[in-house]
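Please read it alongside the sequence and the coordinates.

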Amino acid sequence: MPAPASAPGTAAAPRPPFVLALDQGTTSSRALVFDAGGALVASAQKPHRQFYPQSGWVEHDALEILARQTEAMQEAVAAAGISPADLAAVGITNQRETAVVWERATGRPIHPAIVWQCRRTATECDALRDRGLAPFLAERTGLVLDAYFSATKIAWILDHVPGARARAERGELLAGTIDSWLLFHLTGGTVHATDPSNASRTMLYDLHECRWSEALCDLFRVPRSVLPEVRPSSGVFGALDASFLGAAVPIAGIAGDQQAALFGQGCFAPGAAKNTYGTGCFLLMNTGRTPVRSRTGLVTTVAWDLGDGPVYALEGSVFNAGSVIQWLRDELHLISAASECDRLAESVPDAGGVHLVPAFTGLGAPYWDMRARGTITGLHRGSGRAHIARAALEGIAFQSDDVLRCMAQDLGAPLAALRVDGGASVSDFLMGFQADLSGVPVDRPACIETTAFGAACLAGLATGVWPDLDALAHVRATARVFPPTLTEERRAALVAGWREAVRRTLSDDRPGRGEAPSP
Ligand code: ADP
């Protein structure tokens, strides 16, 4: 639905020029129009279907995605009430790793898109692991050998569609992530390109040499000729074909969704991090100009390239975050709405020694125990609903803090700032507790559409809407900062309590112990 909006606290009319952000996500395609002041003017959202042809397999119809993205873009521009000629630029951000293979001549996909969640190539990954290639791949790509990334997905399509491999060798086919798929079509089939933030999620991109790797292409059997040209994340990729909006607007920014959010949050300096509190948490920390190799199982990735070389990031995730609140609501019936959890948490001075470790699907960094299952520890006769609700919210912050500590350890420098977004970041209690626990101010922006805003920033930066990073830093508005209030001693005591609860949660036989597992 188009949702007219303006930046909180500003009654001013939207200011041209405008920037259109296309946010192509796993479940829907969105389009958002921002004005020169960074205010959201209008948006539209179109869901697309999910296909599960076999257990563990996930596919999308790439043509449906293109159609929905086109509708969203047209609706958003109409809802903004602006002329397409007032659009200075288009930015693209996208679900990452999802792979598409299509015909160069017709633009038609030869197979459904294989989605990042799809596990169909897990056996190929196991075979590569058995050959001892995981350390080499981690060193070259910054990634953990896993079916999640694009390389084995592209190879699978080439191997399973009759004649595809020969056609690829003849130069008849193109392959890429969703950004490249959209870019190709939005430019009328004239541009086949991507940016380093997306390229660095394929397992074919050399993180150090900043180019497609011949060795990796050979290893994964992906012909170099199908791959897009890698260009800076901020810069003109081509012009939007006039058939879409009636104006040839430059497409001037591309980044994968998590990296776009890091940029949209203004995390431009090393040590600056963002945490997206959704169903799970996605944490990224800017590590500056050198790729930092993680010793804790995190992923190293390109954050963006503004044309002067790559900026890198460390990435980690928490498997269960907002899902814990849903669990309290839907399974335990302890609360009737997510916001009730906050009120309950705030009704007691502390969790009364209760810890909720939501290891529903195992525990990630730094424990890496896929067999662990959730626990509630520290219960006593006086423990009540409010303590459990509080422990659930605290558990989200404790898990995020574990990942942030890994990042700081890998980087060799403390966390400089934490900026937050996502559905659960509305919880004042959770944000305040995170600030106390991690000992850093937690900054919640006025506009929580940070992913789309990041894509708009990359595109606006390339087209003069914003002159430089300083200008962008001022465009992003903070709504509230949660300052840390605890002493170091008190923080250490909290962490010790959490670690003890985690110790009781870990499985006895931990086969994956110490191994870098699936992201
Ligand atoms: P996703 O993009 O992963 O679907 P969202 O960013 O939309 O997630 O966030 C939804 C999550 O936020 C849900 O899991 C929900 O439990 C959680 N959430 C929403 N409101 C609150 C709240 N007030 N306190 C804690 N968690 C909340």
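Which polar backbone atom is 2.9 Å from an oxygen atom of the ligand? That backbone atom belongs to Gly322. This is a predicted model, in which local features need pLDDT of at least 70, side-chain atom pairs count only at pLDDT 80 or more, and totals for chains, interfaces and linings use all residues. Residues are numbered from 1 along each chain as its sequence is written, and side-chain values use heavy atoms, with hydrogens and water left out.

**Ligand surroundings**

- The ligand has 15 residues around it, and Thr279, Gly322, Asp342, Gly423 and Ala424 come nearest; a residue counts as near if one of its heavy atoms lies within 4 Å of the molecule.
- An N or O atom in the side chain of Asp342 is 3.1 Å from a nitrogen atom of the ligand.
- Ala424 places a backbone N or O atom 3.3 Å from an oxygen atom of the ligand.
- A polar contact is a pair of N or O atoms within 3.5 Å; within protein, one must be able to donate a hydrogen and the other to accept it, and residues adjacent in sequence count only if both atoms are side-chain atoms.
- The ligand taken alone exposes 590 Å², of which the protein buries 66%; accessible areas come from the Shrake-Rupley method with a 1.4 Å probe, and for residues only the protein chains shown count as cover.
- Two or more residues of the shell come from each of α11 (322-330) and α12 (338-346), and α11 gives the most, with four residues.
- Helices (H or I, at least four residues) and strands (E, at least two) are DSSP runs, numbered from the N terminus.
- By class, the shell holds five nonpolar residues, nine polar and one charged. Ala, Val, Leu, Ile, Met, Phe, Trp, Tyr, Cys and Pro count as nonpolar, Asp, Glu, Lys and Arg as charged, and the others, Gly among them, as polar.

**Six-stranded sheet**

- An open sheet of six strands runs in the order β3-β2-β1-β5-β14-β13, with mixed pairing; two strands pair if DSSP finds at least two bridges between them.
- Neighbouring strands are turned by 25° against each other on average, direction ignored.
- Strands β5 (residues 87-94) and β14 (residues 250-256) pair in the parallel sense over five bridges, and Gly91 stands opposite Gly253 in β14.
- Helix α6 (residues 178-186) lies across β1 (18-24), β5, β13 and β14, at about 145° to β5. Contact means heavy atoms within 4.5 Å; axes are lines fitted to C-alpha atoms, for helices over the stretch in contact, and angles run from 0 to 180 degrees between N-to-C directions.

**Seven-stranded sheet**

- A second open sheet has seven strands in the order β17-β18-β16-β15-β21-β22-β23, again with mixed pairing.
- The edge strands here are β17 (299-305) and β23 (478-482), each pairing on one side only.
- From one strand to the next, the twist averages 25°.
- Seven bridges join β16 (residues 281-288) and β18 (residues 310-318) in the antiparallel sense, with Leu283 opposite Gly316 in β18.

**Backbone details**

- The peptide bond from Ala365 to Pro366 is cis, with omega near 0°, and Pro366 is found in the loop between β19 (355-357) and β20 (375-377).
- Cys210, although not a glycine, has a positive phi of about 55°; this residue is in the loop between β10 (205-206) and β11 (211-212).
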